[in-house]
Amino acid sequence: MSERQYLGQGTNTSWEKFWYVLGCVYFGAAYFQKVPVKKALSEYGLVEMTGAEKFWYVIQCILFGSGYFAKVTIKRALSEVPNTGVAPTV
């Protein structure tokens, strides 16, 4: 069983880092999947998007709305996270 991680303090295993880099090399697929997630998190005030991420999010939304539709499912999942009343420590 993996160890519990906290927002802003998570770690990646060596294999996770390897597969992320490989995914980014393969036409930026891993990076483009990350962008809608960061958009959803930014709307909750948990992260701030870089200029490049904002740019690619707009491009993804223009191309068949893929960025927006990906963000919607992520935001839905985040809305179902129980509020414990404790702010996450970053």
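In this predicted model, residue E53 lies in helix α3, which spans residues 51–62. With a relative accessibility of 3%, E53 counts as buried, because the limit for that class is set at under 20% relative accessible area. The side chain of E53 makes a polar contact, at 3.0 Å, with the side chain of K38.

A search of the whole structure finds six aromatic pairs. Among them is the pair of Y31 and F32, whose ring centres are 5.8 Å apart and whose planes stand at 70°, so that the pair is classed as edge-to-face; the assignment follows because planes over 60 degrees apart fall into that class. Y31 is partly exposed, at a relative accessible area of 21%, and F32, with a relative accessibility of 27%, is likewise counted as partly exposed. The rings of F55 and W56 form a further edge-to-face pair, since their centres lie 5.0 Å apart and their planes meet at 75°. For these two residues the relative accessibility amounts to 46% in the case of F55, which counts as partly exposed, and to 31% in the case of W56, which is also placed in the partly exposed class. Taken together, Y31, F32, F55 and W56 form one aromatic cluster.

Helix α3, the element that holds E53, also packs against helix α4, which covers residues 66–79. The two helices meet at an angle of about 105°, and their axes are 5 Å apart. Helices α3 and α4 are therefore roughly perpendicular to each other, because angles from 65 to 115 degrees are assigned to that category. On the side of α3, the contact is made by Y57, Q60 and C61, whereas α4 contributes S66, G67, Y68 and K71. Sorted by class, the residues in the contact of α3 with α4 comprise three that are nonpolar, three that are polar and one that is charged.

Notes
Residues are numbered from 1 along each chain as its sequence is written. This is a predicted model: local features need pLDDT of at least 70, side-chain atom pairs count only at pLDDT 80 or more; totals for chains, interfaces and linings use all residues. Side-chain values use heavy atoms; hydrogens and water are left out. Rings of Phe, Tyr and Trp (its six-membered ring) pair if their centres lie within 6.5 Å; planes under 30 degrees apart count as stacked, over 60 as edge-to-face and the rest as tilted. Buried means under 20% relative accessible area, exposed over 50%, partly exposed in between (1.4 Å probe, protein chains only). Helices (H or I, at least four residues) and strands (E, at least two) are DSSP runs, numbered from the N terminus. A polar contact is a pair of N or O atoms within 3.5 Å; within protein, one must be able to donate a hydrogen and the other to accept it, and residues adjacent in sequence count only if both atoms are side-chain atoms. Axes are lines fitted to C-alpha atoms, for helices over the stretch in contact, and angles run from 0 to 180 degrees between N-to-C directions. Angles under 35 degrees count as roughly parallel, over 145 as roughly antiparallel, 65 to 115 as roughly perpendicular and the rest as oblique. Contact means heavy atoms within 4.5 Å. Ala, Val, Leu, Ile, Met, Phe, Trp, Tyr, Cys and Pro count as nonpolar, Asp, Glu, Lys and Arg as charged, and the others, Gly among them, as polar.
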